[in-house]
Amino acid sequence: FMGKNHQNDGPNGVSSGFNNGAFAFFLGFMIILLLWFVSGFTIVQPAERAVILRFGNYDKTLMPGLHWVPRIIDSINKVNVQQIYAYTFPPNEDTHMLTRDENIVSVAVTVQYRIDNPKNFLFSTVDPVESVKQATASAIRQIIGLFNLDNILTTGREQI
């Protein structure tokens, strides 16, 4: 009996090493679970809406406030719905358009927009900002093609 250590033995001389290992595992698991739970709290600012994806599919849109979103299961995409985004057409290049009376004009327009539906903004098109740019270019060309040069430069300018 000379090298045997009896300090870790439980009742009836049975070693309690398994119990210590199970307790350490349980404690570690509980700490990880607590950290996961706390990390799920998110704040949606008053100007934002949060689009929640559950396993990659749209689940819901959250309004401003404190919310709990389970990490790993759900992901969050926040969109500012009160910010006014601006786009200037043409951005850098000189774009020429043809009028109804077949004159060439160059038009610069600034488009301002807000995001009304965060779900559609994020998931209905591949690149929503590029879609706005293309729609602006198409609309400007169509409108310019409806007017004569004189109207564009004088009385019709405000209407355009």
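User: Which residue lies over the face of Tyr-58?
Analyst: Happy to start there; this is a predicted model, where local features need pLDDT of at least 70, side-chain atom pairs count only at pLDDT 80 or more, and totals for chains, interfaces and linings use all residues. Residues are numbered from 1 along each chain as its sequence is written, and side-chain values use heavy atoms, leaving out hydrogens and water. A charge sits over a ring if NZ of Lys or CZ of Arg is within 6 Å of the ring centre and within 35 degrees of the ring normal. At 4.4 Å from the ring centre of Tyr-58, the residue is Lys-119.

User: How do the planes of Tyr-85 and Tyr-113 make the pair count: stacked or edge-to-face?
Analyst: Rings of Phe, Tyr and Trp (its six-membered ring) pair if their centres lie within 6.5 Å; planes under 30 degrees apart count as stacked, over 60 as edge-to-face and the rest as tilted. Here the centres are 5.6 Å apart and the planes at 25°, so the pair is stacked.

User: Where in the chain do Tyr-85 and Tyr-113 sit?
Analyst: Strands (E, at least two residues) and helices (H or I, at least four) are DSSP runs, numbered from the N terminus. The pair links distant parts of the chain, 28 residues apart: Tyr-85 is in strand E6 and Tyr-113 in strand E9.

User: Is Tyr-113 buried or exposed?
Analyst: Buried means under 20% relative accessible area, exposed over 50%, and partly exposed in between (1.4 Å probe, protein chains only). Tyr-85, at 22%, counts as partly exposed. Tyr-113 has 18% relative accessibility, so Tyr-113 counts as buried.
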